Structure formats: structure tokens, C-alpha cells
Amino acid sequence: MGCVSSSPGRSRRAPGYEDPAVLASQTSFTVNEVEALYELYKKLSYSIFKDGLIHKEEFQLALFRTSKGPSLFADRVFDLFDLKRNGVIEFGEFVRSLSIFHPKAPESDKAAFAFKLYDLRGTGYIEKEELRELVVALLDESDLCLSDSAVEEIVDNTFSQADSNGDDRIDPKEWEEFVKKNPASLRNMSLPYLQ
């Protein structure tokens with residue numbers, strides 16, 4: 001009396017769990033891939049905090065094998081995965097966001113995600129300082145060291161190619177054109193092992 005029992009053999013689902021068939025219909029993944037992603041999600045979401053949600057520290061640990069120290073790149077990607085803006089990544093958010101990196105995901109979706117990644121201040125434009133900050137952060141995360149002049153050359157070269165109207169900022173349309181002319185700029189937006 002007053003007790004609720006779960007069905008035998010059913011494991012406890014993480015908060016924010018969504019049906020794999022629904023997620024497969026909304027992403028580039030198959031139902032089997034979504035189910036495999038759930039297993040990965042459970043590992044990540046219980047790696048530091050045992051609550052079934054992916055926190056920023058767990059996300060950084062998964063990306064870089066360390067949860068120590070701030071990381072602009074990890075923070076940006078986390079913020080883009082945290083679709084509900086509640087400070088954690090739920091399973092549905094994880095699958096929908098990870099779908100952008102599927103080899104079969106549309107290039108336009110990959111370009112839009114990359115644009116948001118570089119638009120650090122959320123103004124709808126990529127400005128030189130934002131690009132510079134993220135390039136430096138990416139180099140730092142990769143343990144690569146380039147001189148300030150080499151970083152400036154990367155930023156200036158990108159702007160000379162992408163800022164077609166010369167207003168010192170890249171808008172989404174300019175970014176889309178830049179990506180079409182430079183497909184290698186999205187090379188890291190496809191993870192072949194997601195296929």
C-alpha cells in the first residue's frame with residue numbers, strides 16, 4: 001500500500017531522458033545510435049556529480065581529460081549544448097547538439113553552430129576580438145604556441161576573406177559564403193566515429 005515499484009529489468013532513467021525514437025526522428029542519428037549515446041551520456045553525467053545531468057566540469061573533463069581551470073572553448077561549446085540555459089545538459093540536449101557533428105548533418109547546420117561558437121558576445125556578428133580570443137583559446141587547449149603576429153595573421157586573413165562588406169565584422173551570410181569557399185573551416189565539425 002502506497003508503494004510504487006518499477007517494472008523488472010527497467011533501469012532508472014536520467015533526468016531529461018527522451019525517447020530514442022523521437023530523438024532519432026529529430027536528428028541525424030538512428031535509434032540504435034541514440035541508445036548508444038545514452039550509455040555515453042550516463043558515463044559522462046555520473047563522472048563527477050552523481051545526478052544524471054552533465055555539468056560544465058563533467059563536460060570539460062570529457063573534452064579535455066581535465067576539469068581544472070577555466071576553458072573558453074569548453075565554456076562556449078557547453079553553452080551551445082545547454083539549449084535550456086539551465087546550467088546543465090540533459091540527454092535530449094546532448095543528442096540534439098551532438099547531431100551537428102554527425103557526418104550526415106547538413107553543412108548549413110554545421111556552419112550555423114560554428115558561427116554561434118565564434119560569436120562570443122551573442123551580437124549576431126563575429127568581431128575581430130572574438131575571433132582572436134577563440135583562436136588563442138583553441139591553441140591553448142591544443143597546447144600549441146603561436147606568436148601574437150601569427151595569431152593576428154590568422155585573424156586578418158580570415159577577415160579579409162570573410163568580411164565582404166568591409167565593416168570589420170562577419171555576419172551570418174558572410175560566414176556562410178566564407179564556409180562555402182573554405183570547406184576545410186568546418187573539418188572539425190564532423191566526427192566520423194558518430195557514423
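Where is the place of Asp168? Select Asp168 and you'll land in the loop between H8 and S2. Helices (H or I, at least four residues) and strands (E, at least two) are DSSP runs, numbered from the N terminus. Phi of Asp168 is near 65 degrees, a positive value in a residue other than glycine. Most residues other than glycine have a negative phi.

**Before you go on**

You're looking at a predicted model, where local features need pLDDT of at least 70 and side-chain atom pairs count only at pLDDT 80 or more, while totals for chains, interfaces and linings use all residues. Residues are numbered from 1 along each chain as its sequence is written, and side-chain values use heavy atoms, with hydrogens and water left out.

Now colour by pLDDT, the predictor's confidence in each residue, from 0 to 100. The protein chain averages 89, and 91% of the residues score at least 70. Over residues 1–10, though, the pLDDT is below 50, and this stretch has zero contacts (heavy atoms within 4.5 Å) beyond near neighbours in sequence. Where pLDDT is low, the predicted coordinates should not be read in detail.

**Stop 1: helix H9**

Select residues 172–181, which form H9. Glu174, Trp175, Phe178 and Val179 are buried here; buried means under 20% relative accessible area, exposed over 50%, partly exposed in between (1.4 Å probe, protein chains only).

Show the surroundings: the buried residues of H9 pack against helix H6 (107–118), strand S1 (126–127), helix H8 (148–162) and strand S2 (169–170). Then look at the other side of H9, where Lys173, Lys180 and Lys181 are exposed.

At the start of H9, find Asp171: one of its side-chain oxygens reaches to within 3.0 Å of the backbone nitrogen of Lys173.

**Stop 2: salt bridges**

The structure holds 13 salt bridges, each a side-chain nitrogen of Lys or Arg within 4 Å of a carboxyl oxygen of Asp or Glu. Stay on H9 to begin with:

- Glu177 and Lys180 meet in a salt bridge (3.7 Å, N to O). Both lie in H9, three residues apart, about one turn of the helix.
- Asp156 and Lys128 also meet in one (3.7 Å, N to O). This pair links distant parts of the chain, with Asp156 in helix H8 and Lys128 in helix H7 (residues 128–141), 28 residues apart.
- Glu130 and Arg121 make another (4.0 Å, N to O). Is Glu130 buried or exposed? Glu130 counts as buried, at 1% relative accessibility, whereas Arg121 is partly exposed, at 46%.
- Lys56, Asp75 and Asp79 are linked in a network of salt bridges.

**Stop 3**

Select residues 56–64 for H3, where Glu58, Phe59 and Gln60 are buried. What covers these buried residues includes helix H2 (31–45) and H4. H3 is followed by Arg65, whose phi is positive, near 65 degrees.

Next, go to the loop between helix H4 (72–81) and helix H5 (91–98) to find Arg85. Phi of Arg85 is positive too, near 55 degrees. The residue counts as exposed, at 57% relative accessibility.

**Last stop: the annotated spans**

The UniProt annotation "domain: EF-hand" (unreviewed entry) covers residues 69–104, 106–141 and 150–185; such annotations may be inferred rather than shown by experiment, feature names are shortened, and positions are given in the numbering used here. Select 106–141: this span is 72% helix and 6% strand, with its end C-alpha atoms 27 Å apart. Residues 150–185 are 64% helix and 6% strand, with end C-alpha atoms 18 Å apart.

Terms used: A polar contact is a pair of N or O atoms within 3.5 Å; within protein, one must be able to donate a hydrogen and the other to accept it, and residues adjacent in sequence count only if both atoms are side-chain atoms.
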